[in-house]
Each structure stands twice: as structure tokens, then as C-alpha cells.
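Biologist: I am new to this one. Please show it to me, and then let me ask how you know what you say.

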Amino acid sequence: MKVTWPSSEYDKVIDEILEKLDKAQNIFTIAHPYADGDAIGSELALYHYCKSVGKNCVVLNFEPVPEQLSWLEGYDICTDKLPDDVDFDLAILMETTEARRMGDRVNLFKRAKSTIHLDHHINVGGLGQINLMDEKASSTCEILYNILEKTGVPLSKACREALYVGIMTDTGNFRYNNSTSRAHEVISKILGNDLIVDDIYKIVYENTGLNRVVIHGLTMARTKPDYNGKIVSSWLKLEDFEKYGASEVDADGAIRNISCINGIEIAVLFKENPDNRVKVSLRSSGNIDVMAIANKFQGGGHILAAGVTLPGNMEEVKDKIIAACVDAIKEFEAKK
Ligand SMILES: [Mn+2]
């Protein structure tokens, strides 16, 4: 259900969720592939909450936890298999926009008797029996906090730290418009006296391996303007990752370096994936709805930040996406 905090509808969904959570003994949580700070943060925060109230919570995560997050307490309990001999009462899906993005994981999600889906992306239908879709929330961690707050159970340092990392990373370290007063309010409640924010910032953002710096540098060096500089794009091939011993995670945030160029409307980063697919990240500097562009190709995200993965080689995908970006800018200019 799509709701906005605070409201009686929101409270009602939380009550339904708490009823399921209360009764459940064996829970698992799952998020989108290549989990980011918000996905891992919400999964681990739930894990720590469950642990503190004596419930069993399995955190399913199929790729290695990114290095910048591999210090959060509990990161090493993430597993890529559900135990066969456990009947799961409840599965909580975090931060996933659509079934397509989940692949076979959808079937895993359905293995539990009850299913709950929490997300803050726009126009997400919800894949659970209970869905809490809060488009105004900064992050899934903020939604999870809204739920956990209602339990009245004091949240451990590990739980609060995981929530903090999710909110911090999804708000671009409190720079984006989703850094709402509620997001800050939640931060004020989870900080306590024991979270050291500059240590957390440094370990997440200033703890960079050489391969990541080189991948970001390559992205910047290849920046190409289109449509009178209103579009800038760059690209990374599989061979780049191989050559520099980097992984896809090392390219996270690389688009930020080109989306800050003045005078642009859209920044695009093309990343070659295995199996002849190209992952496309789109950023808008404010005027263009890049989610609408991603939607044209069955992608999704937010108005100012969206993405899609397309079959085809780099050149084909580039041509299609740049053409769609040009169309979107022309449409915007015609309306001015
Ligand atoms: Mn998120």
C-alpha cells in the first residue's frame, strides 16, 4: 500500500506488519541484487532487531558485501542460501522496485508463509502480502525505523548504525532533497552518544581502493558531450574492470563525477555487463524526468536518478538511450 508518513493509513500498515513480525520466529530478509548501503543497512538492521528479541533472521545476499559496508556488525552473516530444514514464517523484501529485478529470488521470497515488502521508490506495486510503499521516505532504512520505533524495543548500536548507513548513503550524505525533516528526525533518534559520524563517513566514503579510483578516473576521462553539452555520458567495459581488478561495485557513484558538470540536463553512465547486456544509469540535474526515460525501456528508479539494463552491445544501447535523452530534452524545451 502506498502511504505517506505520518498518517493513520501508515499506522495501520505498521500495525499489520508488527502483528506478523511479533508472531514470526523464523524470518528471512532479501534485497535487490548488488545491494547498496540502504539495502544492506535495512537487512542488517532487521537482523539486529530480530536478534535482540530472540528471533531467527537470515539475511540473504548473493554478492559479496561492498568493501565500504564490510565493517557493519553482522555483514559476515549474509548468506546466499536459505537453510532447507527451516519453515520460514515471514520474509521481508527490502528496497526492490520490481519482480524483474529480482530474477529467481522472487520464488525464494514466496517460500515464506507471510511476505512483506518495504520500499521508497516511485510507482512500486509491492510484491508482498503486506506492502509499505513510502515514496517520501529518504530510504528503506527510514521506513524500517518507522516500524521498529513502534515496537518500543531499544535499538542496539549495531542496529542503529546499519540504519544510519542506509539513510546516509541514500541521501548522498544528507545532500539530496530526500533529506527531509523526518529523515533528520530519525537520524537524531538513532545517533545516541555512541555513533561516531565522521568515522562512519570516512569508512564509507574515504576508504577507497586504487581500483575504484582508477575506474572513476576512466569514467571522467571518457566523458563525452552530446546535444550541445546538455547530455554528458561515459562508459565502462568489462575489460576495464578486468584490467584494473575492479568490480561493478567499484563503479558505484562514478556517475556523480560527471553529473556535476555545469549546464547539463542529463548524465548517463553505460556499464557493460556479462551476457551482452549494458547497465545504464541516468541522472537529471532537475528539469528532466529520467525515470520516464528509464520506464520506456522497462527500467525504473526516481525522477532525478534512474536506471535500466538493456540487452545489446555498448554502441547499440548508447544510441538508443542518447536518442531518448535528446527527445526528453526537446520535449522539455518545447514546453518552456
Ligand atoms: Mn534506497
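**A strand and its sheet**

Modeller: Start with strand 4, residues 114-119, which is mostly covered: six of its six residues are buried. This is a predicted model, where local features need pLDDT of at least 70, side-chain atom pairs count only at pLDDT 80 or more, and totals for chains, interfaces and linings use all residues. Residues are numbered from 1 along each chain as its sequence is written.

Biologist: What makes a residue of strand 4 buried?

Modeller: A residue is buried if 20 or more other C-beta atoms, placed from the backbone, lie within 10 Å of its own; 12 or fewer make it exposed, and in between it is partly exposed. Six of the six residues in strand 4 are buried, so each meets that cut-off of 20 or more.

Biologist: Which residues cover the two sides of strand 4?

Modeller: Ser 114, Ile 116 and Leu 118 are on one side, and Thr 115, His 117 and Asp 119 are on the other. All are buried, so both faces count as covered.

Biologist: How do you know which strands pair with strand 4?

Modeller: Two strands pair if DSSP finds at least two bridges between them. Five bridges join strand 3 (residues 90-94) to strand 4, so the two pair. Four join strand 4 to strand 5 (residues 130-133), so these pair too. Both pairings run parallel. Met 94 stands opposite Leu 118, and Ile 116 stands opposite Ile 130.

Biologist: What is the order of the strands in the open sheet?

Modeller: The order of its five strands is 2-1-3-4-5, with parallel pairing. Strand 2 (56-60) and strand 5 are the edge strands, because each pairs on one side only.

Biologist: What joins strand 1 to strand 2?

Modeller: Strand 1 (residues 26-31) pairs with strand 2 in the parallel sense over five bridges. Asn 26 has Asn 56 as its bridge partner.

Biologist: Which domains does the assignment give?

Modeller: Domain 1 (8-205) and domain 2 (210-335); such bounds come from an automatic or database domain assignment. Their centres, taken over C-alpha atoms, are separated by 27 Å.

Biologist: What makes a contact between the domains?

Modeller: Two residues are in contact if their C-beta atoms, placed from the backbone, lie within 7 Å. Six residues from domain 1 and six from domain 2 take part.
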